[in-house]
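Colleague: Could you help me learn to read how helices and chains pack together? I would like the general idea before each example.

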Amino acid sequence: MSVTERTSKVIGTSQLRKEDAELITGRARFVDNITVPGMLWVGLVRSPFAHARINGIDVAKARELPGVVAVYTGDELEFAAPLFMAWPINDEVKNPPHHPLTKDKARYAGDPVAVVVAESRALAKDAIELVDVDWEQLPAVTDIRAALEPDAPIVHEEFGTNNAGSWILERDSPVPRRGPTAPFFDDPQLVKIKQEYRLARLIPNAIEPRGVVVDVNAPMGEYTVYSATQIPHILRTTLTITCGIPEAKLRVVAPDVGGGFGSKLEIYPEDAICLALARKLGRPVKWIEERSEGYLATLHGREMIQEIELAATRDGVLKAVRVNLTASMGAYLRLVAPGIPMLGAWLYHGCYECDAYDFQYTNVFTNNTFTDAYRGAGRPEATYAIERSMDALARELGMDPVELRRKNFIAKDKFPNYTIASGLTVDSADYHGTLDKCLEVLDYDALRAEQKARRERGDRKLLGVGFSTWNEMCGLAPTRVLAALNYGAGGWDAATIEFMPTGTVRVVTGVSPHGQGSVTVFAQVVADQLGVDYDDVEVLHGDTQVSPLGMDTYGSRGVAVGSVALHRAGEKIIAKARTLAAHELECAEEDLEFEGGNFTVKGTDRSANIKGLAFNSWTAHNLPDGMEPGLGATELYDPPNFSWPNGAHCCVVEVDPDTGSVDTVRYIAVDDCGVQLNPMLVEGQVHGGVAQGIAEALFEEARYDDEGNLVTGTMTTYLVPGPPELPPFEVHDTVTPSPTNAMGVKGIGEAGTIAAPPAVINAIVDALSPLGVKNVERPATPERVWRAIQEARS
Amino acid sequence: MIPARFDYEVAESVEHAIELLDGNDDAKLLAGGHSLLPLMKLRLARPAALVDIGRLSALAGVSNGSGPLLRIGALTRHHELANDPLVQEHCPILAYTAGLVGDRQVRHRGTIGGSLAHGDPAGDLATIALTLDAQIVARGPNGERTIDAAEFFKGFYETALAPNELITEVRIPKTEAAHWSYIKFRRRALDWATVGVAAVVESANGGIEAARIGLTNMGPTPLRATAVEQALAGASTDSVEAAAAKADEGTSPPADSFASADFRRHLSRVLTARAVEEALSR
Amino acid sequence: MRSIAITVNGVRRELDVEPRQLLVYALREQLGLTGTNVGCDTTTCGACTVHLDGESVKSCTVLAVQADGREVTTIEGLQSNGDLHEMQRAFHENHALQCGYCTPGMIMAATSLLKEHPDPSDEEIRYGLEGNLCRCTGYHNIVKAVQAVAGA
């Protein structure tokens with residue numbers, strides 16, 4: 001066995017991705033690429049109405065179609081329990097049963113009412129059309145405020161209201177806030193502003209549609225579910241609950257997954273239906289979502305009305321922030337939906353000091369597709385409200401928005417571990433530093449000078465600049481906090497590292513990446529830590545048979561929790577290897593230095609390489625007394641705190657006031673995600689996040705008509721921006737390590753999406769401010785911009 | 001995603017295509033398929049049969065007759081139109097606009113004949129045909145006829161073509177001498193026009209001699225902004241803005257998720273002024 | 001059913017298809033070439049882009065019968081002698097993909113673009129790929145990758 005010393009570090013370098021080879025050659029294994037012998041195709045019959053009673057379903061014609069194997073209604077396909085909802089935020093929460101196939105009535109356009117099973121994809125499609133449902137259309141409610149009116153149509157009659165429950169920080173938060181806001185809003189000496197923002201409903205649009213394949217071994221009662229999911233582990237547990245198949249008989253595989261952004265952080269009716277069908281028919285089944293179908297059937301995000309009030313001194317010192325949200329749940333409470341607004345609960349005073357803070361929200365049922373986590377989940381909403389409001393306050397006070405931010409930032413010397421006004425403890429930050437860097441890249445003074453010159457010249461195109469200085473809590477999450485918030489699971493994650501006999505390393509992670517590059521990053525972490533070749537590290541994930549424990553990928557937790565778990569498992573391996581090395585080298589453990597894979601007796605040239613130790617631990621011929629064979633370790637890591645990435649973003653726009661068109665001229669992102677394991681991947685995450693944030697600000701909106709029909713029901717009308725619609729990005733960073741974990745990492749997956757929307761809208765409002773415009777609702781479509789100008793003029 | 005079942009016939013000749021169409025009222029022609037197939041995939045269209053004329057190579061290509069007309073085969077694809085030297089020379093507005101249709105892949109497949117026959121008021125090439133007073137040559141069981149563009153577009157997705165007729169050629173007046181512009185206002189590059197404005201302007205003695213203004217997506221068919229044309233005829237270049245203010249006269253723009261009818265009216269006025277200015281500057 | 005023959009990645013393939021069979025499903029489900037993905041049902045996203053007689057097309061909007069007698073190149077056919085095509089390499093080296101689902105279509109669109117337009121500006125690359133949507137990368141690195149090949 002060759003023993004070589006590895007000294008070069010790969011952590012912190014932009015290693016190209018291990019994941020790419022199959023993806024660039026068309027050899028990836030996405031769910032729709034999986035075919036199982038004897039497989040049948042599943043199609044869902046969905047409600048064309050947002051709200052309608054089912055008076056009967058005639059499936060005879062569909063059953064008669066040659067090639068159709070089965071057709072079932074909600075009464076004919078049985079489940080052990082409704083779909084699982086994991087976040088009953090408090091005792092107030094109203095959680096209706098969500099049956100995979102609705103039985104009594106449809107509560108949103110797209111609600112599945114029957115399922116067809118056929119020999120081919122095309123035949124399943126044909127059979128859907130032959131199912132005849134006797135609908136009795138009911139009045140629908142799709143507007144959040146209208147849903148709370150006394151005479152509103154009721155989505156779930158058993159509750160007698162569409163109010164799904166409220167959460168109040170003062171009452172429900174496990175940590176106390178700094179103080180109540182009422183005295184400040186009553187103080188006549190203070191300047192007060194009140195803003196209302198409406199956040200449009202969004203459709204996540206992972207480019208891979210969802211899909212499920214269920215393979216079955218009927219005699220053994222064993223099932224393998226291949227699902228385009230972010231959460232194979234959570235899916236397995238919840239499918240056990242819904243379908244009554246024990247976890248030991250249920251293997252869930254997330255194969256290559258084509259993006260998620262939260263849309264695949266869900267337990268969907270189709271997952272349960274396909275599993276139930278495979279059991280009932282004893283045959284493998286497959287369902288692949290069509291895009292337009294997915295616009296109805298896959299979760300939506302964001303939609304809420306925000307009321308936010310700020311109180312500040314006349315010279316711009318922020319004193320109090322008060323927030324009241326009304327959030328759309330859609331027709332049911334999905335997996336973690338009731339808690340999504342809560343993920344922003346402690347963030348609505350942003351990066352700023354204040355003396356008092358109040359926050360509450362109310363969840364509302366409407367006849368729309370259910371909402372749940374979409375990239376950033378709760379945190380983009382918070383950043384939007386406070387960053388728009390800071391600009392509004394600056395205007396009110398006649399201050400430069402940058403100056404107002406600087407004046408109120410929590411100072412760098414308050415960290416580490418500073419308890420902010422909302423009550424949570426922030427690990428580390430240098431808010432002034434990131435903003436300074438952003439301003440430097442931008443050349444702020446020059447830009448303001450150009451803006452002034454253009455305004456004086458009377459240029460048609462209006463130049464505007466907008467900022468967003470943001471922070472977030474990610475690395476979800478410390479389990480004790482989750483428990484206090486009534487969340488239905490832990491926030492830990494699992495990692496196993498195992499040396500193979502020949503010295504290669506097998507890493508099994510409980511997170512389930514789907515584009516993030518975790519396989520590459522985790523290999524970097526392990527290679528450096530254990531002193532083995534980067535190419536000798538194999539990272540496995542996403543299959544409950546390989547990785548039985550895990551909490552999956554969402555909430556920027558891959559690095560912040562998953563890699564830390566891995567690192568701690570690595571520490572255990574090094575400890576064991578050290579004991580073995582001391583045994584072999586006949587020295588005390590304390591006398592050994594570990595570097596580049598070698599344990600060296602201090603002051604000598606006697607050493608043992610970890611690969612050799614791994615081989616010896618496998619043969620187990622000469623182990624210390626009591627040591628088990630093998631060199632491997634598992635860590636279940638529960639983070640002691642959230643991690644708190646932050647940053648300063650800036651957008652420069654040109655607005656054409658005659659057409660309302662907005663052109664993003666520059667976009668600068670300066671983010672601080674702590675220590676960067678792979679800067680190339682960090683940058684990539686920022687790019688994608690910013691793209692989705694700009695899309696949210698300028699393009700995307702799921703619009704419904706009064707009857708509850710989704711009028712942006714295809715990719716031709718729901719506007720995911722293409723390459724010409726987005727600018728190049730100027731991405732920079734600062735590095736403030738997190739003191740919470742040994743690696744100093746924080747997380748970057750959601751940064752861009754959190755930061756970008758207020759930067760863009762603030763820039764538009766800045767451009768239009770000479771015309772008297774103070775707000776443009778998002779997305780800032782040409783028509784909305786034009787109308788805002790007309791209203792300001794009139 | 002998967003169309004309903006249909007019968008499929010490959011036309012061996014124009015006559016064969018007509019014969020196949022003539023026998024079946026529910027048959028549709030398939031050329032590039034980029035108007036029809038998207039509708040069929042959503043099952044918004046479900047013809048009983050498709051007659052595939054895509055292999056009739058005689059219907060593709062551009063030729064330069066000796067007269068004032070450019071002859072464009074119905075199966076000429078957008079990408080070819082955009083890059084054809086004859087079109088670029090004699091009818092630059094058509095080449096330019098063809099390059100704005102859909103996206104690159106769509107332009108590799110979509111044909112001018114298919115675009116016009118589809119009768120979509122949001123189609124860019126229909127507006128150009130109308131603006132340039134193109135002639136559409138159609139053949140049916142009773143032979144060939146030539147339809148003026150002004151007579152061709154009858155309503156929303158409705159044209160003067162009989163169910164058993166097909167477009168063989170589009171004849172476009174050469175406009176190399178005129179100033180031109182086409183402004184396609186759209187949210188994303190790959191989208192249909194929210195509003196499009198074509199301007200073809202002939203100038204003389206520093207003023208405007210005549211102008212032709214076409215509008216995309218401002219009613220059930222492509223439209224001419226006749227009030228603007230009248231106001232510009234013989235006018236000075238100072239009067240463009242005032243003339244453009246009449247752009248939406250006689251239009252009935254749709255309201256959809258892209259824009260309200262009011263905003264489309266507004267856009268048509270702004271864009272008409274810009275198109276004429278841009279044309280004059282060219 | 002109709003019998004057709006398509007030359008796919010240089011090999012003549014004979015198959016029986018329903019007239020309504022889309023080229024993309026003929027490739028994926030009948031010929032086992034699952035590299036070409038489906039991302040939408042409205043000819044929008046471009047994930048299914050292949051070359052038909054050398055030009056980029058959205059294979060979800062071509063009937064298999066329309067491809068009868070023609071040549072199709074898919075992502076699987078881009079390598080030669082086992083070597084990555086320079087565009088594939090550029091996507092890897094410039095981190096122009098994350099989840100990788102749009103990538104085969106994006107690469108096929110990009111190679112077609114450069115064939116027709118060998119020396120594009122960044123702006124021309126963006127417009128040249130207007131028919132391909134990516135949700136992960138924000139396109140920044142895709143433009144870089146295409147430019148790397150164009151500039152090579």
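Modeller: Gladly; we will look at two helix pairs and then at a contact between chains. Keep in mind that this is a predicted model.

Colleague: How are two packed helices described?

Modeller: Two packed helices are described by the angle between their axes and the distance between those axes. In chain A, helix H10 (residues 379-397) packs on helix H19 (residues 751-768) at about 30°, with the axes 8 Å apart.

Colleague: Are H10(A) and H19(A) roughly parallel or oblique to each other?

Modeller: Angles under 35 degrees count as roughly parallel, so H10(A) and H19(A) are roughly parallel to each other. Their crossing is right-handed. Among the residues making the contact are Tyr384(A) and Arg388(A) of H10(A), along with Ile754(A) and Pro758(A) of H19(A). By type, the contact has seven nonpolar, three polar and five charged residues.

Colleague: And what is the angle between H2(C) and H5(C)?

Modeller: Helix H2 (residues 86-93) of chain C meets helix H5 (residues 140-150) of chain C at about 135°, with the axes 8 Å apart. That angle makes H2(C) oblique to H5(C). Here Glu86(C), Met87(C), Ala90(C) and Phe91(C) meet Ile142(C), Ala145(C), Val146(C) and Val149(C).

Colleague: Now the chains: how many residues of chain B are in contact with chain A?

Modeller: There are 22 from chain B, touching 32 of chain A. Together the two chains bury about 2,200 Å², 54% of it on carbon and sulfur atoms.

Colleague: How many salt bridges are found across that interface?

Modeller: Five are found between chain B and chain A. Asp126(A) and Arg43(B) form a salt bridge through their side chains, at 2.7 Å from N to O.

Terms used:
Residues are numbered from 1 along each chain as its sequence is written. Chains are lettered from A and ligands numbered from 1 in the order in which they are written. This is a predicted model: local features need pLDDT of at least 70, side-chain atom pairs count only at pLDDT 80 or more; totals for chains, interfaces and linings use all residues. Side-chain values use heavy atoms; hydrogens and water are left out. Axes are lines fitted to C-alpha atoms, for helices over the stretch in contact, and angles run from 0 to 180 degrees between N-to-C directions. Helices (H or I, at least four residues) and strands (E, at least two) are DSSP runs, numbered from the N terminus. Angles under 35 degrees count as roughly parallel, over 145 as roughly antiparallel, 65 to 115 as roughly perpendicular and the rest as oblique. A crossing is left-handed if the near helix is turned anticlockwise from the far one by less than a right angle, and right-handed if clockwise. Contact means heavy atoms within 4.5 Å. Ala, Val, Leu, Ile, Met, Phe, Trp, Tyr, Cys and Pro count as nonpolar, Asp, Glu, Lys and Arg as charged, and the others, Gly among them, as polar. Buried area is the accessible area (1.4 Å probe) that two parts lose on being put together, summed over both. A salt bridge is a side-chain nitrogen of Lys or Arg within 4 Å of a carboxyl oxygen of Asp or Glu.
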